[in-house]
Amino acid sequence: MLTRRTLLGVIGAITLSVTAPVAMAQEEIYIPLISKGFQHQFWQAVKSGADQAAAEFGVRVTFEGPDSETMVDRQIDMLAATLANKPDAVGFAALDSQAAIPLLRKAAEAGIPVVAFDSGVESDIPVTTATTDNVAAAALAADKMAEFIGGKGKVAVVAHDQTSRTGIDRRDGFLNRMAEAYPDIEVVSVQYGQGDQLQSTEVAKAILTANPGLAGMFGTNEGSAIGIVNAVREMSATDLVIIGYDSGKAQTNAIREGVMAGAITQNPVGIGYETVKAALSAYRGEALPEVIDTGFYYYDASNIDEAKIAAVLYD
Amino acid sequence: MSAVIPTLAPSTPGKPKSPLSRLIEMGTHQRLLAFASLIVLLIGFSLVSPNFMQTSNMIAILQATSVNGVLAIAATLVIITGGIDLSVGTLMTFTAVMAGVVLTYAGMPLPLGVAAAIATGALCGLCSGTFVAKMKIPPFIATLGMMLILKGLSLVISGTRPIYFNDTPGFDLISRGSLIGEIIPALPIPNGVLILFLVAAAASYILGRTVLGRYAFALGSNEEAVRLSGVNTDGWKMAIYALAGGICGIGGLLIASRLNSAQPALGLGYELEAIAAVVIGGTSLSGGRGTILGTLIGALIMAVLTNGLRVLSVAQEWQTVVTGAIIILAVYADMMRRKKA
C-alpha cells in the first residue's frame, strides 16, 4: 500500500516539478504557435525562427504541433488548450481550415488576434498570413528544370498530397508554368507519396519503371524529393535531373554529391520569425498586410554555402 | 504536495483484511486508484496554473475525451474477451467516410447517414470477429489487417480528399451542439460528451446485465471451459466484435461532426491511445476483467494530462515523456495491487 501512496506522490511530483517554473512568468506577452507538425526538421526550423523573434522582442513563445499532419482533431485540442491560457495573440497553421473555425471565432470574440502561418485559413479571422508564395516558388522549379533538360523531354512530379494548400499550389505552380512556357516539355505523371520518404521512393520507382527515357523529376517537399533520390539510387538510374523542395540533411547531401540538381527552399526560419513579429504587431493594434511573403530561394551546389542560403537551410 | 497526497491514500498498510473487505476492494480498488490519480492531476494542475480550472477548459477536456473515450469503450469490450482491436482508429475514419458518402455524395437525410456509419462499423466489426472466431486468426493480426484495409478503403472511397458536410444542416450539432447548454446555459457541455456518457452507460449495462456481457467475461477468463460447456463461443465472440465496431461507428460520427468533415487519412495511432486509456482504467490485457467506468476514467486521465501539460506550456517533447511514464506507473500500480490481493 506504500507503493500506491508513493505512486500518487510521484504523479503529483512530476506534474508540479515539470510545471513549477512556468507559473512565475505571468507578466510578459505570451504568443503560442500551433503548427502542423513538430518533430519534422522543417517545423523545428520554424520554431527556431519563432524563438529568435521571442528573444529579440522579449515575448514568451511556445510551439506545438501534432505528430502527423493528418491529426486534425488533435490540432484543435491543442488550440483549445492554448486559448485557455488567455494568450495575447496566437499563431496558427491550420491542417484543415474549416475544422478550426469555431475555435478561431472564439479567439476573435475574446479579442485574441490570430496570425495564420505556412498555409492560409479560409476565413477572415486571421489578421494576416505569413507564408511562402508556393505557386511562384514551384514555377521557379519548372524554369530551372527546363533549363537543365534543354527545354524539351518528359518530366514527372512526385507531390506530397493533393488536399493541402501547399500540395496543390506547388503541383499547379509547376504544371502551369510548364504548360505556359515550355510547349516541348511533357509532364507524363503526377503522383503522390504523402510526403513520406519510403512511400515517395516507391512512387518514384514506379514512375521510373513506367517511363524509360524520363528527363527529370520534381519533388514537392522534403520527403518527396528524398524519395526520388532514393529511387534513382536503388535503380541506378542516370541522366535524371532532380529538382527538390525544402532542405534537410539527406537533400543537401544529394545536392552536394550531384545526385540532385538543386532545390527550392522556403524560409522556415523566416516563417517563424515573421509570425511572432506579426502577432506582436497585431497585439499592439498595428496595421498588417493581408499576406506576409516570407520568401524562397533556389539553391544548388554552387551557392549552398552562401550565407544567405545557409541561414535558411536546416539539417 | 504532502498536504494533498495523504487524503487520497486513506488505506492502512500492513493490516490483515477480512475476506469480505478484500472482495469489495478487488472490484472497486482499481477504479478508486485511477479516480484518485485523476483527482490528483486536476488538483495539481489547478494549483500550478490559474487558467486550468475554467469551465471552458474543462469543457475542452471533455470534448477531447469524447472520441478517444468512445473508441476506448469499443476496445474494452474486445479486450475483455481476451482479444485486442487495433482497427478502432481507422474503422472510426472509415465509418466517417461512409457517413460522408451517404450524406454529401448521395445527399440523403441525416438519420440515414447516422445509420450508415453505425451499420458500417458493426459490419466491419463482424468481419474482424469472423477472422478471429471462425478463421482462428490471432486477434492482433486479424485487426492489424483490418486496420490497414480500412485505412486504404477510406482513402479509396473518398478519393483521398476530405468530405465536407456543409450540405447537411445539423450534422455538426451531433458533436458541437449542446442540449445541456440549452437547458443550463452556464454549462454548455457539447453533445459529443453527452453521447460518450450514453455509450458508456449502455456498454456498462450490456457488460453487467446481459448474457452477451457475461459471455464476454467468460471468454476472456477461460474460453475452452465455456466452449466445453456447450456454448457457441464463436457466435458470441463475433457479436462482441460487431458491437465494438458499431461503437466505433458512433466514434466516427463524433469526429466527423466535430471537424464537419470526414478526414480520410486520419485514424492511425488512435487505437494505441484508446488501448492506453483501457489499460490505465484497469482492464486486463489478458482478458476476463475490466470495467467501462475504469476505461472512462482512463480516457479522462489521458485528456487531463495532455491538456494540463499544454496549459502549463510544458515543452511538447516532455509532454510525451510524462504521458508515457504515467501509463507505466498506472499499470505498475495495478500489478502491485493484484500481487497483494
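How much accessible surface does chain B have, and what share of it belongs to carbon and sulfur atoms? The accessible surface of chain B comes to about 13,800 Å², and 72% of that area belongs to carbon and sulfur atoms. Areas of this kind come from the Shrake-Rupley method with a 1.4 Å probe, and for residues only the protein chains shown count as cover.

This is a predicted model, in which local features need pLDDT of at least 70 and side-chain atom pairs count only at pLDDT 80 or more, while totals for chains, interfaces and linings use all residues. Residues are numbered from 1 along each chain as its sequence is written, chains are lettered from A and ligands numbered from 1 in the order in which they are written, and side-chain values use heavy atoms, with hydrogens and water left out.

Chain B contains 13 helices and two strands; helices (H or I, at least four residues) and strands (E, at least two) are DSSP runs, numbered from the N terminus. A compact globule of 341 residues would have a radius of gyration near 20 Å, and the 21 Å of chain B agrees with this. That radius is taken over C-alpha atoms, and the globule rule is 2.2 Å times the number of residues to the power 0.38. The C-alpha atoms of chain B fill a box of roughly 65 × 60 × 40 Å along the principal axes. Of its 341 residues, 54% are buried, where buried means under 20% relative accessible area, exposed over 50%, and partly exposed in between (1.4 Å probe, protein chains only).

On the surface, Phe140(B), Ile141(B), Leu144(B) and Leu148(B) form a nonpolar patch with about 370 Å² of accessible area together. Such patches consist of residues with over 30% relative accessible area and no salt bridge, like charges being joined within 9 Å and nonpolar side chains (Val, Leu, Ile, Met, Phe, Trp, Tyr) within 5 Å. Leu148(B) belongs to helix α6, residues 139–158. Glu271(B), by contrast, lies in helix α11, residues 270–280. This glutamate is buried but has no salt bridge, and the nearest side chain of opposite charge, Arg74(A), is 9.0 Å away. A salt bridge requires a side-chain nitrogen of Lys or Arg within 4 Å of a carboxyl oxygen of Asp or Glu; Lys and Arg count as positive and Asp and Glu as negative, with His and the chain ends not counted. Beyond residues up to four places away in sequence, Glu271(B) touches Asp85(B), Leu86(B), Val88(B), Gly89(B) and Met147(B), a contact being heavy atoms within 4.5 Å.

Chain A has eleven helices and twelve strands. Its radius of gyration is 22 Å, close to the 20 Å that the globule rule gives for 315 residues, so chain A is as compact as a globular protein of that length. Chain A exposes about 12,300 Å², with 50% supplied by carbon and sulfur atoms.

Lys154(A) sits in strand β6, residues 153–159, and counts as partly exposed because its relative accessibility is 37%. Leaving aside neighbours within four places in sequence, its contacts are Glu186(A), Val188(A), Leu214(A), Ala215(A) and Gly216(A). Gln194(A), in the loop between β7 (185–192) and α7 (197–210), has a positive phi of about 55° although it is not a glycine.
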